[in-house]
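Hi,

Here is the structure I promised to pass on.

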Amino acid sequence: MAKEMKYITFALAKGRLAKQTLGLLEQIGITCEEMKDEKTRKLIFVNEELGFKFFLSKATDVPTYVEMGAADIGVVGKDTILEEGRKLYEVLDLNCGKCRMCVAGPLSAKELLNNGSLIRVASKYPAIAKDYFYNKKHQTAEIIKLNGSVELAPIVGLSEVIVDIVETGSTLKENGLEVLEEICPLSARVVVNEVSMKMQHGRITKLIQQLKTVIPR
Ligand code: PRP
């Protein structure tokens with residue numbers, strides 16, 4: 001990398017999505033060998049030659065790093081982008097990690113969604129759930145924030161329904177629950193810090209153009 005060149009820093013959501021993203025970056029010649037080491041506990045990786053840094057963070061923190069400029073670019077699910085509501089540019093749909101944000105519950109809860117009654121909704125995504133019930137459905141709802149295994153809530157009587165991600169649908173099925181309403185489709189997105197987009201416009205737009213050519217169809 002030329003001396004005067006600034007690093008472009010990527011924040012990647014830890015896990016499967018980071019792996020898929022690294023696969024796409026590799027296809028456009030951006031590699032990071034040390035990151036492939038499955039056993040490493042290191043959190044930040046540098047490609048000196050190309051001037052890229054990569055770090056892995058919890059998915060929910062990716063929009064924070066990008067908004068605050070600690071990362072120039074982030075790759076994270078649309079679910080997290082919607083939930084976090086940060087100020088950033090969403091520039092590209094990577095068409096992977098595809099799933100749906102849904103209202104789910106036992107079939108018996110379906111009528112509660114149609115008659116405007118007060119309903120309890122458990123979710124890891126309280127902002128998305130609130131927006132959907134208050135602003136789109138105009139239904140009075142008590143939103144209960146959970147941190148995982150949300151499918152439990154209607155089974156043990158904590159809530160009537162849940163708002164959660166459905167991918168294959170098998171978690172719902174195995175727990176006797178069904179998709180009752182679909183909120184929106186989800187997939188992995190590339191987000192960019194607003195200042196970086198101006199200051200590093202050339203390199204970032206080139207990168208986006210290159211990524212466009214390798215997105216899975
Ligand atoms: C997600 C989601 C569902 C499940 C959906 O959970 O919250 O539980 O995956 O996938 P499926 O439709 O293919 O069954 P995750 O694995 O992230 O775990 P968590 O619920 O503990 O957060």
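What volume does the second largest pocket have? About 450 Å³, the space filled by probe spheres set on grid points joined across faces, edges and corners. A pocket here is an open set of points on a 1 Å grid over the protein atoms alone, where a 1.4 Å probe fits, with protein on both sides within 12 Å along at least five of seven lines; lining residues have an atom within 4 Å of a point.

Before going on, please note that this is a predicted model: local features need pLDDT of at least 70, side-chain atom pairs count only at pLDDT 80 or more, and totals for chains, interfaces and linings use all residues. Residues are numbered from 1 along each chain as its sequence is written, and side-chain values use heavy atoms, with hydrogens and water left out.

Of the 19 residues lining the second largest pocket, Lys 19, Met 35, Asp 37, Glu 38 and Leu 56 lie nearest its centre. H1 supplies the largest share of that lining, 5 residues.

The largest pocket holds about 940 Å³. Its lining has 39 residues, with Asp 79, Thr 80, Lys 124, Tyr 125 and Ile 165 nearest the centre. Helix H3 (78–84) gives the most to this lining, 5 residues; helices (H or I, at least four residues) and strands (E, at least two) are DSSP runs, numbered from the N terminus.

Finally, Ile 73 touches (heavy atoms within 4.5 Å) Phe 10, Val 66, Val 191 and Leu 207, among others, not counting residues up to four places away in sequence.

Best wishes
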